[in-house]
Amino acid sequence: MHFLCNNIFISIVAVCMSWGTNVLFDLSLDSNYYIVLFFATLSSYCLHWYYTELTINQTSINQFRNSLKNKNSLLFLFFISSIGFLYFLLLNQEWIIYLSPAVIATIIYSAPKFPIKKLKNLEGKALAKTFYLAAVWIYTTNIVPFLISNNSIHFPIIIFLIANFIFIYVICLLFDYRDQYKDQMKFILINTNKHFDKIILCLTIIFILLVIILLIIHQSLSIIIGLVLSYIFLYATISYSKKTKSDYWFYLVLDGLMALPSLLGILLHTLFNK
């Protein structure tokens, strides 16, 4: 339980995702980046949840986050992880330019949670926040490893990035769907919860088309199979995800699912290259 509510698990997920990028695309990524990413993820999530106010009628959601003891743990981990993040980032100052956009986007995402009146007006921008949350995940775990390893991002990689973004975005949309009754959503362009099923169907069709393109251009089967199997599991469990309010399903299974394409890809890559 503490492993989840103190955000250690989601930080490990981020590391696994970037590890998959490194192995599957043969990037020779500096191992210090895993440490930077772990501390950055832990710091941002701890700060976000520290300022998240939970009312009594929300105890069925976020079941193990609404305690003073956990708030103190979040604050402690925020300071420790922030120090770790800054220390290892200063050791690799050339990464600052690449990580700055992610840091700014993360602050914007959590800004409505801060006890500042003007920032509260940003709360509930559902489409925007969900879209760039997924974008930040892709950027930090997929794109930045290419940038700091001085590797070019070619067309096949772009197609993979878009497909992986759709996978992450669907997961993020499920969190929005679950939270629709406790958050005051101010939708931009379209009500993603009202048209949830149609949006998921459209995203799935696009995902399938992207996979077909990856097969045509002979992208690595390890990468394709890992991503496809993960999406199949996600799609097959969408009905359950829409019904359940379980913290363990969302913060263990769905959060952990983001790392599954990487872990499956690495396993298949190892087996195919024996």
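User: Which residues is Thr41 in contact with, leaving aside its neighbours within four places in sequence?

Analyst: Start by setting aside the sequence neighbours, then list what remains. In this predicted model, Thr41 is then in contact with Ile10, Ser11, Ala14 and Trp137. Thr41 itself belongs to helix α3, which spans residues 32-50.

User: Is Thr41 buried or exposed?

Analyst: Read the relative accessible area against the cut-off: buried means under 20%. Thr41 has 7%, so Thr41 is buried.

User: How does Asn22 read by that cut-off, buried or exposed?

Analyst: Asn22 has a relative accessibility of 14%, and therefore counts as buried. Asn22 sits in helix α2, residues 8-24. Not counting residues up to four places away in sequence, Asn22 touches Leu27, Ser28, Leu29 and Tyr34.

User: How many residues apart in sequence are Asn22 and Ile266?

Analyst: Sequence separation and distance in space are read separately. Asn22 and Ile266 are 244 residues apart in sequence, with 9.8 Å from C-alpha to C-alpha. For the protein chain, take the contacts with a separation of 6 or more: 78% of them join residues 24 or more positions apart.

User: What does the secondary structure of the protein chain come to?

Analyst: Count the elements, then read their order. The protein chain has 13 helices and 0 strands. Buried residues account for 51% of its 274 residues.

User: At what angle do helix α8 and helix α9 pack?

Analyst: For a helix pair, take the angle, the axis distance and the handedness in turn. Helix α8 (residues 155-178) and helix α9 (residues 196-216) pack at about 160°, and their axes are 10 Å apart. Angles over 145 degrees count as roughly antiparallel, which means that α8 is roughly antiparallel to α9. Their crossing is left-handed.

User: Which residues in α8 and α9 meet?

Analyst: Look at both sides of the contact. From α8 they include Phe155, Ile159, Ile166 and Leu173; from α9 they include Phe196, Ile199, Leu203 and Leu210. By class, the residues of this contact are 21 nonpolar, with no polar and no charged ones.

User: Which residues touch the most other members of the largest nonpolar core?

Analyst: The general idea is that in soluble globular proteins, nonpolar side chains tend to be buried together. Here the largest nonpolar core holds 77 residues, and Ile168, Leu234 and Leu254 touch the most other members. Helix α8 supplies the largest share of this core, 17 residues. Not counting residues up to four places away in sequence, Leu234 touches Phe167, Val170, Ile171, Leu174, Leu254 and Leu257.

Methods
Residues numbered from 1 in each chain as written. Predicted model: local features only at pLDDT ≥ 70, side-chain atom pairs only at ≥ 80, totals over all residues. Heavy atoms only, no water. Axes fitted to C-alpha atoms, helices over the stretch in contact; angles between N-to-C directions. Helix = DSSP H or I, 4+ residues; strand = E, 2+ residues; numbered from the N terminus. Parallel < 35°, antiparallel > 145°, perpendicular 65-115°, else oblique. Left-handed = near helix turned anticlockwise from the far one by under 90°. Contact = heavy atoms within 4.5 Å. Nonpolar A, V, L, I, M, F, W, Y, C, P; charged D, E, K, R; others polar. Core = buried A, V, L, I, M, F, W, Y, C linked by side-chain atoms within 4.5 Å. Buried < 20%, exposed > 50% of the residue type's maximum accessible area, 1.4 Å probe, protein only.
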